[in-house]
Amino acid sequence: VRLPNSERVILQLLIGKGPCYGLELVDASRGVLKRGGVYVTLGRMEEKGMVTSAAGERGRRLYRPTALGERALAAALVFSGQLKVKMGAVS
Amino acid sequence: VSAAASWLSLLVPDPRGQRAVEETLADWREEVGRAQTVGERVQAHAHGLRSFAYLASGLLWDQSISADLWRTFVRTLAITVGLACVLGVVMVWMVGGDGAFGPFTASAYVLAMMSGFVPGIFGLVGSMGAGSSDARPGPVAAVAGLFFVWSAVMTSWILPAMAAPFLHEAAGAYPTIAVPRYVAPLIVHVASLTFASTYYLLGATIRRRFATRGWRTRQTWALMGALAIVALGIGARLALASAGISGPDRMAWLDRIMWLQLTVAWAMIVWFARPKAEPIPAPLET
């Protein structure tokens, strides 16, 4: 499961907080997501079908996760959890 | 802000990038609208400018060139530089009679620079995808053979005839290769080394662009793209020869032609690498 860190953070925030604007995601990410750059990532994720968006207030778009996004995040978290367990076993 | 938006929409042709620009502008407007003091307004504009810096870098990375193409470019560049180093050393050894190895004499440098045409041939073959999974060994080997014959003809008859005045002019342009004076030709030399990688990358982006077409169409277009750059260089050099420019001016013009070729090649790469304006697919249903 190949989920870049920025995409994982976006999915975690959208699932945890509910539908958000891009700027809200940036503020909530504590520096992980960058202003402006977040829309490039969101556009890419929408193309992959991980998030969906609808027109919001004053020209902004409201993003929400799709079922595919939720599954991708769950799979990524399971994978990283298993990796941590295996790394712990090796060390 | 609206003027900036219209300019940016011209610069960012694909709809996904345009939407990112619009949303960044909307955030900017929102923050400026919320600001109540001069200080807050200045801060909002600073945030807006910073957003665009991040947006521009994100768009460049995400849309112009994808990561695997960058890897292809860097890998080919490493091979080309290695090859050019070997060829350069061989060339310096061949002309060892007319000067010391370090710092390079002008003629040794020029000959080493000429060796760039050999990596260029590799680049042309690379533009057809030699070494990549979608290349068929037979036709690529045939093209490689054809270019080998062409390079043999070049080295046997054409290059020696071209080299004599070129060497003389180069010696006039760079009579002593002191370190500061060597910097400019070094930059040109390094840029010339990127040609093979550029051809390779151009071929890869063109073949990707025509992914839905047949293999022959893809390879033909890829090769045509690289040959168009070669033809541009040859045409410009012929025009230069007919203009009767000589001496250091001629050297400067040759450098400009090289930069022109690289610029056109990179413009083509960016053009072919940009995503097609396709509708964003609907998300999967739960």
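This is a predicted model: local features need pLDDT of at least 70, side-chain atom pairs count only at pLDDT 80 or more; totals for chains, interfaces and linings use all residues.
## A serine at the meeting of two chains

Leaving aside residues up to four places away in sequence, Ser51(B) touches Arg35(A), Gly36(A) and Gly37(A) as well as Thr24(B).

### Chain B as a whole

When the contacts between residues at least 6 apart in the sequence of chain B are considered, 76% of them join residues that are at least 24 apart. Chain B exposes about 15600 Å², and carbon and sulfur atoms supply 71% of that area.

### The sheet of chain A

Chain A contains an open sheet of 3 strands, which are arranged in the order 1-3-2 with antiparallel pairing. Strand 1 and strand 2 of chain A stand at the edges and have a single partner strand each, so one side of each is left without a neighbour in the sheet. The residue ranges of the strands are listed below.

| Strand of chain A | Residues |
|---|---|
| Strand 1 | 20-21 |
| Strand 2 | 51-55 |
| Strand 3 | 61-65 |

In general, the strands of a sheet pair through backbone hydrogen bonds, in either a parallel or an antiparallel way. Strand 1 and strand 3 of chain A pair in the antiparallel sense over 2 bridges, and Leu62(A), in strand 3, is the bridge partner of Tyr21(A). Helix 3 of chain A, made of residues 37-48, lies across strand 2 and strand 3 of chain A, and runs at about 110° to strand 2.

### Where the chains meet

How many residues of chain A are in contact with chain B? There are 23 residues of chain A in contact with 22 residues of chain B. The area buried between chain A and chain B is about 2200 Å², and carbon and sulfur atoms give 55% of this area. Arg35(A), Tyr39(A) and Val40(A) supply 31% of the area that chain A buries against chain B, which is more than any other three residues supply. Arg35(A) is also one of the residues that Ser51(B) touches.

Definitions and conventions
Residues are numbered from 1 along each chain as its sequence is written. Chains are lettered from A and ligands numbered from 1 in the order in which they are written. Side-chain values use heavy atoms; hydrogens and water are left out. Contact means heavy atoms within 4.5 Å. Accessible areas come from the Shrake-Rupley method with a 1.4 Å probe; for residues, only the protein chains shown count as cover. Two strands pair if DSSP finds at least two bridges between them. Helices (H or I, at least four residues) and strands (E, at least two) are DSSP runs, numbered from the N terminus. Axes are lines fitted to C-alpha atoms, for helices over the stretch in contact, and angles run from 0 to 180 degrees between N-to-C directions. Buried area is the accessible area (1.4 Å probe) that two parts lose on being put together, summed over both.
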